[in-house]
Structure formats: structure tokens, C-alpha cells
Amino acid sequence: MDFDDPSFRELLDALHDGVYITDADGITLKVNSAYERLTGLRSEDVVGQHMQALVEQGVISQSVSLRVLKEGRALSLMQSVSQGKRLLVSGTPIFTTEGRVRYVVSTVRDMTELLRMKHERDELQQLKQLRSSTAKLHAGQRDDLLDASPVASLPVSGRVFAQARQVAASDVKVLLQGETGVGKTLIAQYIHKSSPRAAQPFLALNCGALPENLIEAELFGYVPGAFTGAGSKGKRGLLELANHGTVFLDEIGDLPLALQVKLLKVIEESRFIAVGGLELKEVDVRIITATHHDLRAMVAEGRFRADLYYRLNVVPIHIPALRERREEIQPLLDFYLAEFNQRYGRELEWGLEALDALTDYCWPGNIRELINLVERLVVTCSGAVVELFDLPEEMRSRARDADDDSLLPLRKQVEQLERRLIRKALVQHKTTREAARTLGLSQATLVQKMKRWEQG
């Protein structure tokens with residue numbers, strides 16, 4: 001074949017894709033003008049060169065022609081050239097009549113732009129899925145818990161929800177304080193859902209659940225090759241993904257000091273740099289934080305930056321432990337029992353002794369412990385009623401201790417009996433008026449006794 005034939009050269013140069021032809025020994029015979037344009041290599045730089053030599057010189061990253069010659073079949077691979085472009089090279093063997101490879105003809109297509117577009121499309125799809133899931137979260141994430149919470153009208157939680165509504169309209173920094181499991185994430189979601197950012201993403205990160213390098217990568221994102229194990233395409237962080245929305249940083253007291261500096265920059269300048277990157281990215285997010293630590297004490301001990309603390313603690317909202325709002329225990333138990341009954345197809349009810357034990361329990365794990373227990377009982381109870389013996393030992397033993405009246409003064413024994421009788425009447429009749437009528441009391445007397453117990 002005459003590769004110098006003008007008609008042949010004109011034909012090759014008319015093709016949009018690059019063409020690279022080698023002989024059976026891997027020697028370059030011909031390239032077209034499209035190949036020169038795509039790679040920046042001139043014909044005289046490669047013609048006559050062995051493919052292996054070009055690889056060793058770093059002109060190309062790998063040779064499809066050598067692979068085709070070795071395996072005797074058509075194949076494709078991604079190739080990098082010195083300009084940093086990514087090329088899709090497809091090599092096809094041309095055989096002699098005897099079945100030996102005579103030439104390898106490779107077509108070359110620039111994938112750099114296509115890969116960039118694909119990467120942007122993937123990120124756009126990821127963001128769409130994120131926004132979709134966030135919308136579903138807001139639509140279906142227990143609106144009854146956020147807007148019609150079983151405890152939102154009760155005194156203690158009512159004050160917390162009122163504070164949350166009050167701060168939701170602005171972007172003021174809110175620090176939620178309280179023990180683990182009291183519902184800090186729920187209040188953060190409520191603030192977001194009640195704010196002008198409600199249609200945008202709400203993303204949460206537990207600063208105490210990951211090592212420092214992973215927290216940094218999750219929060220700020222990273223560029224390709226930023227660290228060992230980093231994805232080849234890099235990753236956008238929560239700050240970027242939640243742009244125009246809300247980022248909730250739980251257990252902020254566990255954030256390492258080095259990252260506290262970066263977070264402070266985001267708060268002060270609304271800008272950050274991804275891990276391994278050089279480019280400053282601007283972002284518009286509301287940051288809500290939460291902690292069970294005493295941050296003021298941590299500042300005094302040098303374990304938390306004072307400037308960051310004062311930036312975050314503009315509006316502190318304290319969420320009391322469940323044992324400090326005992327009037328909410330039974331409404332929560334009833335609410336979650338109904339929810340898990342529906343989820344698991346059960347019709348479980350509370351037995352009176354079990355309900356007494358649960359309302360007297362101190363709940364060290366707060367609402368999270370309550371939710372987990374109710375779900376466990378709905379799944380494991382074999383009968384139609386949750387009895388005292390169905391409860392964990394620590395709750396049963398506490399109930400037994402409460403029933404051991406022999407060591408209590410007579411006044412205390414009478415008070416405990418009154419409490420149990422009134423509680424049972426309230427469970428059966430639901431209203432204080434009906435319960436008082438059943439017990440032969442006036443409604444005012446019954447309410448007065450209940451208030452005295454709550455204060456005691």
C-alpha cells in the first residue's frame with residue numbers, strides 16, 4: 001500500500017477522527033492531520049518510530065497497537081498524551097491472506113471534553129438526586145413530628161419549637177445544646193423547613209463520627225489525587241452541595257482545631273478551598289451547629305477556638321433531657337407506638353404496668369432511646385399488649401423498686417398509689433374531666449395533684 005499517495009493522504013485528512021497506522025512490527029507508518037491536531041504531535045515526530053519507544057519516551061501513556069499485535073484482535077483503551085489530553089484509541093488489525101497481522105489501524109477520539117461533560121452531568125445528576133431526596137425528606141419526613149409534634153404544644157418543648165420558629169426567618173447562627181438523643185437534629189430540620197431555604201438541601205454531618213481527614217473531605221470536598229484513595233474525579237463537599245441550603249454540624253465540639261480554622265473562614269468569608277485544591281470557592285449556606293459538650297469550658301481549656309465559639313453561639317437553644325420533661329414521655333410513647341404499629345402491621349397496646357415503668361424510667365438515652373425501644377417492642381412482643389415482663393431488665397427492676405413501699409413513709413405510699421390510679425384513669429379516659437369523674441374527684445383537684453407531681 002502506498003501511504004504517500006496524495007489521494008490516500010487526502011482521504012485520511014478528510015476524517016474528523018485521528019488515524020494512526022503501524023506495521024506488523026509496531027513501526028509507525030502514517031498519521032493524519034486530525035491526529036496531529038488532537039495530540040499536538042507532528043507526523044515527523046512519530047513516523048518511523050517504534051510504538052514501544054514512544055511509550056518509553058513518555059510521548060504516549062500506552063500503545064493500543066502493541067496490544068493488538070500481541071493479542072491479534074481489535075480492542076480499545078484510554079490513552080494520555082503529553083498535553084494531558086485523554087484519548088480513546090481503538091485499534092483494528094488488518095490481516096494478510098495467510099492470517100498474519102499486516103497493519104494495525106487505530107482511530108483516535110478526544111475524550112477530554114466528553115469526560116468533563118460526563119463528570120459535570122454526573123455531578124448535576126447527583127445534585128438533582130440530592131435535591132429530590134431532600135424534597136422528599138421535607139415532604140415525608142414526619143411533618144407530624146415537625147409541624148404537629150406530639151409534644152410541640154406541651155410547655156417545655158413548646159418553648160423550644162417557638163424559639164426555633166423565631167430564628168428560622170433569618171440566617172442567624174444557632175447553637176443547639178443538649179444531651180445526646182434529645183432531638184437536636186429534629187430541631188435543626190425544623191429550623192430549615194421553617195426558613196426561606198426550605199426548598200434547598202439540608203445536609204448533616206456528625207463531627208464526632210469520622211476521623212479528621214474524612215471530616216475535612218466530606219465537608220470541603222477534594223480535588224482529584226488529593227490524597228491516597230481519593231477518587232479520580234474528586235468530590236464535592238457538603239458545603240458546595242448544600243449551596244443556598246443548610247448544613248447541620250452535629251457534635252461541633254468534636255471538630256479538630258485545624259478544621260475549626262477552615263470553618264471559621266467559611267463563616268466569615270463564605271469561601272473555602274477543597275482538600276488538595278488551590279481555587280477559592282464561594283458558597284451561600286446557613287450553618288446550624290449542635291453539641292452535648294460545654295463549649296465555653298472547652299474554650300477555657302484551649303480545646304475549642306474562642307472566635308469560632310462566639311461566631312456559632314449567637315442564638316443558643318437548650319433542649320432539655322427527656323427526664324426533665326416527664327409530661328412528654330407518654331405522648332411520645334403513644335406516638336411512636338402508633339407509627340411502628342403502622343410500619344410493621346401490628347396493633348400493639350401499652351399494658352398499664354409497662355406504661356407506669358416507662359413513664360417512671362429516667363431515659364439516659366433520651367428520645368433516641370425511647371424510639372429504639374418502642375420499635376424493638378413492636379417487633380419482638382408476641383402478644384397484643386406490651387406487659388411489664390416485655391421491658392428490659394433495667395426498667396423492670398426500677399418498677400420493682402418503686403413498688404417496694406415497705407421502706408417508704410405512709411404519705412409517700414399514698415402518693416404513689418394516687419399517681420398510679422390517676423395515670424390508669426387518664427390512659428383509659430384520655431381527658432382529665434372523665435378521669436376525675438371516674439375517681440370521684442373534681443377536675444381541679446386532679447389537675448392540681450398532677451402539677452404538684454410535675455414540680456416535685
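Is tryptophan 363 buried or exposed, and at what relative accessibility? At 0% relative accessibility, tryptophan 363 counts as buried, where buried means under 20% relative accessible area, exposed over 50%, and partly exposed in between (1.4 Å probe, protein chains only).

1. Basis. This is a predicted model: local features need pLDDT of at least 70, side-chain atom pairs count only at pLDDT 80 or more, and totals for chains, interfaces and linings use all residues. Residues are numbered from 1 along each chain as its sequence is written, and side-chain values use heavy atoms, with hydrogens and water left out.

2. Confidence. The pLDDT, the predictor's confidence in each residue from 0 to 100, averages 83 for the protein chain, and 83% of the residues score at least 70. Over residues 133-148 the pLDDT is below 50, and this stretch has 30 contacts in the model beyond near neighbours in sequence; contact means heavy atoms within 4.5 Å. Residues 402-407 also stay under 50, with six contacts beyond four places in sequence.

3. Strand E10. Helices (H or I, at least four residues) and strands (E, at least two) are DSSP runs, numbered from the N terminus. Five of the five residues of E10 (residues 246-250) are buried, so this strand is largely enclosed by the rest of the structure. Side chains in a regular strand alternate between the two faces of the sheet. Here Thr246, Phe248 and Asp250 point one way, and Val247 and Leu249 the other way.

4. Neighbours of E10. Two strands pair if DSSP finds at least two bridges between them. E10 pairs in the parallel sense with strand E7 (residues 202-206) over five bridges, and with strand E13 (residues 286-291) in the parallel sense over four bridges. Phenylalanine 248 is the bridge partner of alanine 204, while isoleucine 287 in E13 is the bridge partner of valine 247.

5. Positive phi. Most residues other than glycine have a negative phi. Glutamate 251, in the loop between E10 and helix H12 (257-269), has a phi near 50°. At 8% relative accessibility, glutamate 251 counts as buried. Tryptophan 363 has a positive phi of about 50° and sits in the loop between helix H16 (352-360) and helix H17 (366-380).

6. Cavity lining. Lining residues have an atom within 4 Å of a point of the cavity, a set of points on a 1 Å grid over the protein atoms alone where a 1.4 Å probe fits but cannot get out. Residues lining the largest cavity include Tyr20, Met51 and Gln79. Helix H5 (64-71) and strand E5 (101-110) each supply at least two residues of this lining.

Key
1 Å grid on protein atoms, 1.4 Å probe; cavity = no way out; pocket = protein on both sides within 12 Å on 5 of 7 lines; lining within 4 Å.
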